[in-house]
Amino acid sequence: MPRVLLADDDDAFREQLAEELRTNVAGLEIVASVGDGHQAVAQAMTHSPDTVLIDYGMPGPDGGHAAAVIRQALPATRVVILTGQETAKLENVPPDVEVLRKGAGLESALSRLFLA
């Protein structure tokens, strides 16, 4: 059963993402849903999720910095940054962190992510 932490400062997007994942990924458990980088790091340490889906442009440490902290503390946790920005413009993203673009095709990319 995949255990997932969602981190995005847009509550409506986070809820939509949670519903999409619950509908399309059998057995998925959302262990926490948070709105800033500080909470993302804290909840990752508390729950040790299998996967963290984290928005790049959040308050507190941005998604790149929070992803680096999570990956260092929890090397077995897969971290995926979600962004509306051009991926070439992202800073502080660790090389072992995946980046997915928000928008068209995100749902199918997420489904592939959890089927792999």
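1. Contact here means heavy atoms within 4.5 Å. On that basis, and setting aside residues up to four places away in sequence, Val52 touches Leu5, Ile70, Thr77, Arg78, Val79 and Val80. The model is a predicted one.

2. Val52 also belongs to the largest nonpolar core, which has 20 residues. Leu5, Ala7, Val52, Ile54, Ile70, Val79 and Ile81 are the members with the most contacts inside this core. At least two of its residues come from each of E1, strand E2 (29-34), helix H2 (37-47), strand E3 (51-55), helix H3 (63-73) and strand E4 (78-83).

3. Asp8 sits in the loop between strand E1 (3-7) and H1. Its relative accessibility is 3%, so Asp8 counts as buried. A polar atom of the Asp8 side chain lies 2.9 Å from the backbone nitrogen of Asp10.

4. Beyond its neighbours within four places in sequence, Asp8 is in contact with Phe13, Arg14, Val34, Gly35, Asp55, Met58 and Lys102. Asp8 and Gly57 are 49 residues apart along the chain, and their C-alpha atoms are separated by 8.2 Å.

5. Two polar partners of the Arg71 side chain can be named. The side chain of Asp96 makes a polar contact with the side chain of Arg71 at 2.7 Å. The backbone oxygen of Pro75 lies 2.6 Å from a polar atom of the Arg71 side chain. With neighbours within four places in sequence left aside, the contacts of Arg71 are Ala76, Thr77, Val79, Asp96 and Val97. Thr77 and Val79 are also among the residues that Val52 touches.

6. The largest cavity contains about 30 Å³ of space. Its lining is made up of Glu20, Leu21, Asn24, Val25, Glu107, Leu110 and Ser111. By class, these lining residues are 3 nonpolar, 2 polar and 2 charged. Helix H1 (11-24) and helix H4 (106-115) each supply at least two residues of the lining.

Note on methods. Residues are numbered from 1 along each chain as its sequence is written. This is a predicted model: local features need pLDDT of at least 70, side-chain atom pairs count only at pLDDT 80 or more; totals for chains, interfaces and linings use all residues. Side-chain values use heavy atoms; hydrogens and water are left out. On a 1 Å grid over the protein atoms alone, a cavity is a set of points where a 1.4 Å probe fits but cannot get out, and a pocket is an open set with protein on both sides within 12 Å along at least five of seven lines; lining residues have an atom within 4 Å of a point. Grid points are joined across faces, edges and corners, and a volume is the space filled by probe spheres set on the points. Helices (H or I, at least four residues) and strands (E, at least two) are DSSP runs, numbered from the N terminus. Ala, Val, Leu, Ile, Met, Phe, Trp, Tyr, Cys and Pro count as nonpolar, Asp, Glu, Lys and Arg as charged, and the others, Gly among them, as polar. Buried means under 20% relative accessible area, exposed over 50%, partly exposed in between (1.4 Å probe, protein chains only). A polar contact is a pair of N or O atoms within 3.5 Å; within protein, one must be able to donate a hydrogen and the other to accept it, and residues adjacent in sequence count only if both atoms are side-chain atoms. A nonpolar core is a set of buried Ala, Val, Leu, Ile, Met, Phe, Trp, Tyr and Cys residues joined through side-chain atoms within 4.5 Å.
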